[in-house]
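Welcome! Take a moment to look over the structure below, and then we will walk through it together.

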Amino acid sequence: LSDMEAMRQQALVSYGEARLNVTQLETELKTRAQILRDVDERGAIVDGLLSRFTLLDAHYASDIARLAAIEETGVLLQSLPSKPCPVCGAMPEAHRLNHAIEQFELPAVQFAAKIEGGKVNQLRTDLTRVLNELRQEQEQLQSKRKEAEGAADALQTQIAEELMPRVKESAETLKGQNDRRD
């Protein structure tokens, strides 16, 4: 009877150890699943930001081209006075380059376009830095996701192939011991 009780105790210890190992691995699996959710959530945010900032970069490029065209057009308007004005259609002899309100005179408009172009270029430079940082983060998130997926798969395999059979075997041994004792 004492041998049966010792075997029963050993089966209980073995079952408890196996269940504890499974519980620990399930906790680690839960942590990996949370990491995957966090990575996916941040990845969605980064993807959205990249999409929006890429569109903003295209707008900046368009603004820079438009402002450069304004500067270049002003130069052409001043250097080609022998043709009718492309803006108002006035004949060359009727051109009065200073007939506009001061802020709309060609040199003022050219200067404003140049200043605004510089501002937009600075914004675009900053945006390019942010886009590069977001692309790096996106790559890091993809790498972190692969790592977490691999770890989760390994944990699931270890639980299914190594520990669950031990738990099942220990439970069956314990059941057998209990049946013999009764």
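## A word to start with

A residue is called buried when its relative accessible area is under 20%, exposed when that value is over 50%, and partly exposed in between. Glutamate 139 has a relative accessibility of 55%, so it counts as exposed. Please keep in mind that what you see is a predicted model.

## The overall picture

How many helices and strands does the protein have? There are two helices and zero strands. The protein has 182 residues, and 20% of them count as buried. Its accessible surface comes to about 12900 Å², with 55% of that belonging to carbon and sulfur atoms.

Now think about which parts of the chain meet. Among contacts with a separation of 6 or more, 83% are between residues 24 or more positions apart.

In soluble globular proteins, nonpolar side chains tend to be buried together. Here, the largest nonpolar core is made up of twelve residues, including Val39, Leu50, Tyr60, Ala113, Leu127 and Leu141. Helix α1, spanning 2-79, and helix α2, spanning 106-181, each supply at least two residues of this core. There is also a second, separate core of nine residues, with Ala18, Ala152, Leu155 and Val167 among them.

## Leucine 127 and aspartate 57

Let's zoom in on one member of the largest core, leucine 127. Leaving aside residues up to four places away in sequence, leucine 127 touches Phe53, Leu56, Asp57 and Tyr60.

One of those partners, aspartate 57, is found in helix α1. Is aspartate 57 buried or exposed? Its relative accessibility is 18%, and therefore aspartate 57 counts as buried. With residues up to four places away in sequence again left out, aspartate 57 touches Arg124, Leu127, Thr128 and Leu131.

Next, find glutamine 110 in helix α2. Because its relative accessibility is 14%, glutamine 110 counts as buried. A polar atom of the glutamine 110 side chain lies 3.1 Å from the backbone oxygen of glutamate 71.

Finally, let's return to glutamate 139, which is also a residue of helix α2. Which separation do you find between the C-alpha atoms of glutamate 139 and glycine 43? These two residues are 96 residues apart along the chain, while their C-alpha atoms are separated by 9.5 Å.

How values were computed: Residues numbered from 1 in each chain as written. Predicted model: local features only at pLDDT ≥ 70, side-chain atom pairs only at ≥ 80, totals over all residues. Heavy atoms only, no water. Core = buried A, V, L, I, M, F, W, Y, C linked by side-chain atoms within 4.5 Å. Buried < 20%, exposed > 50% of the residue type's maximum accessible area, 1.4 Å probe, protein only. Helix = DSSP H or I, 4+ residues; strand = E, 2+ residues; numbered from the N terminus. Contact = heavy atoms within 4.5 Å. Polar contact = N/O pair within 3.5 Å; in protein donor to acceptor, adjacent residues only side chain to side chain. Areas by Shrake-Rupley, 256 points an atom, 1.4 Å probe, with all protein chains shown as cover.
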